[in-house]
Amino acid sequence: FGHLEVKNKMSEIKPNDKTASKDNAEEQDWAAAKAFFDSLKSNKPRPPKPNNAVTIAVSSRTLFNMKAERKIFEEEGLEKYVAFQLEHENEPLKPGPAFPFVKALMTVNARLRELYPNSEELFDIVLMTNNHAQVGVRLINSINHYGMLIERFCMTGGKSPIGYLKAYLTNLYLSKSPDKVTEAIEEGIAAATMFTPDTETELSDTQLRVAFDGDAVLFSDESEIIVKQHGLDTFFEHEKQFENKPLAQGPLKCFLEALGKLQRKFYAKNERLNCPIRTYLVTARSAASSGARVLKTLRSWGLEIDEALFLAGAPKGPLLQKIKPHIFFDDQMFHIEGATELGTISAHVPYGIGQKYHKGKLIEQPEKKE
C-alpha cells in the first residue's frame with residue numbers, strides 16, 4: 001500500500017550540521033550577548049538561545065482577536081488598516097485562539113526556571129507576522145498589557161513570513177492562514193491553522209495540556225490511505241500484520257518529541273506527579289483492532305504520551321470537553337468543527353489523504369485543464 005512520506009527531517013528539534021568554526025563563532029557571539037544582558041539591571045528573564053529552546057512561532061491573528069481590524073483591511077485596504085492600528089495603538093487587542101496556549105507555555109517556563117535557573121531549555125515564543133512595522137507598537141503594547149514575555153518579533157510587511165521560520169529554528173508554527181500553514185508543512189515545519197471555539201472554556205492555569213490526533217498528525221497517513229481506499233476490514237488486517245513495524249512520522253511528531261524533552265526535565269527532579277505538561281492522544285482508532293501499532297510506534301520513538309484515548313469512531317468533541325486542552329491538533333476538519341462547537345481550541349493540520357475527504361466522502365476535485 002503506497003503512502004505519502006513525511007519529510008524525514010520534519011521539524012527536527014534543532015539542526016546540527018554546522019561547521020565547528022561557525023559553531024565557535026556563534027558561541028562567542030552568544031557569550032558576549034549574555035554577558036551584556038547580565039550587566040543590565042532587569043528582572044525580566046533573558047530569551048533563551050534558539051539552539052536550546054523549543055521555538056513556537058505564532059501569528060498576530062492567532063495570539064490576538066483581530067477580526068475587526070481584518071475586516072477593515074479586506075474592505076478598505078492596507079492604508080486604512082494601518083491608520084486604524086496607529087490610531088488605536090494604546091488600546092490592547094483582545095486575546096485570540098493561541099493566547100491561552102502561549103500563557104500556558106509561559107507557566108511551564110516559570111516552573112523550569114525555578115528548577116533549572118541557568119537552563120535555556122525553555123519555550124521561546126516568536127511573534128511571526130506579515131504585518132507592517134507601523135502596527136508593531138500596538139502589538140508590543142498588547143503583549144506588555146497582558147504581561148507576556150515575547151521578545152522576538154518578525155514583521156514582514158506584507159510578505160509571507162514562512163521563509164523566516166527555519167532561520168528562527170521554529171518547532172511549531174500557528175497561523176489563521178491555511179495557505180501559510182500548508183506552505184510551512186511543505187517546508188518540513190510542524191504547523192497548524194488555529195480555530196476559535198464557539199464557546200469559552202475555563203482552562204488550567206497551572207498545566208499545559210496538548211491533545212493530538214494520531215494518523216496524519218503524529219504519524220504518517222499510510223493507515224488513513226488504506227481506510228479510505230480499501231475500507232476498515234483491510235485496515236484492521238494491515239495493522240495486525242504490521243503491528244511491530246513502526247508507523248512513519250507525521251508532521252507533529254517532533255513537537256511531541258520537544259514536549260517530551262521538557263517533561264523529562266521535571267521527571268529528573270522528582271516532579272512527575274506535578275509536571276506542568278500533559279499530553280493526550282485522541283484517536284478515532286479502535287484499541288483492540290488497531291491500537292497496539294500506535295502504542296508500539298511511540299515506544300519505538302522513545303516517546304511517552306500521558307493519556308491515550310481510543311474512540312473507535314465516536315465523536316471527539318465530548319471527550320475533549322473533559323480534557324480541556326489548550327490546543328487540540330487534528331488533520332480532519334469535521335473533527336475540528338465538532339471540537340470547536342463544544343468549546344475546544346483546535347488547530348487543523350492540513351496534511352495527508354484526509355484533505356481530499358469530508359465526513360468520509362471524497363471531495364470532488366476541480367478538473368485539470370489540458
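**A helix and its sheet**

Author: This is a predicted model. Just after helix α8, Gly188 takes a positive phi of about 85°.

Reader: Which residues of α8 are buried, and what makes them so?

Author: Lys180, Val181, Ala184 and Ile185 are buried. The term requires under 20% relative accessible area.

Reader: How do you know that they lie on the same side of α8?

Author: They cover an arc of only 135° around the axis, so they share one side of α8. The general rule: an α-helix has 3.6 residues a turn, so residues three or four places apart point the same way.

Reader: What does the face turned away from the buried side carry?

Author: That face of α8 carries Asp179 and Glu186, both exposed. Exposed means over 50% relative accessible area.

Reader: What covers the buried residues of α8?

Author: The cover includes α7, β6, β7 and β12.

Reader: Why is one side of β5 and of β10 left without a neighbour in the sheet?

Author: The open sheet has 10 strands, in the order β5-β4-β1-β6-β7-β12-β11-β8-β9-β10, with mixed pairing. β5 and β10 stand at its edges, each with a single partner strand, so one side of each has no neighbour there. From one strand to the next, the twist averages 25°.

Reader: How do you know that β8 and β11 pair?

Author: Pairing needs at least two bridges. β8 and β11 have three, in the parallel sense, so they qualify. Ala211 has Phe328 in β11 as its bridge partner.

Reader: Where does α8 pack on the sheet?

Author: α8 touches β6, β7 and β12. Its direction makes about 160° with that of β7.

Conventions. Residues are numbered from 1 along each chain as its sequence is written. This is a predicted model: local features need pLDDT of at least 70, side-chain atom pairs count only at pLDDT 80 or more; totals for chains, interfaces and linings use all residues. Side-chain values use heavy atoms; hydrogens and water are left out. Buried means under 20% relative accessible area, exposed over 50%, partly exposed in between (1.4 Å probe, protein chains only). Helices (H or I, at least four residues) and strands (E, at least two) are DSSP runs, numbered from the N terminus. The arc is that of the directions from the helix axis to the C-beta atoms. Contact means heavy atoms within 4.5 Å. Axes are lines fitted to C-alpha atoms, for helices over the stretch in contact, and angles run from 0 to 180 degrees between N-to-C directions.
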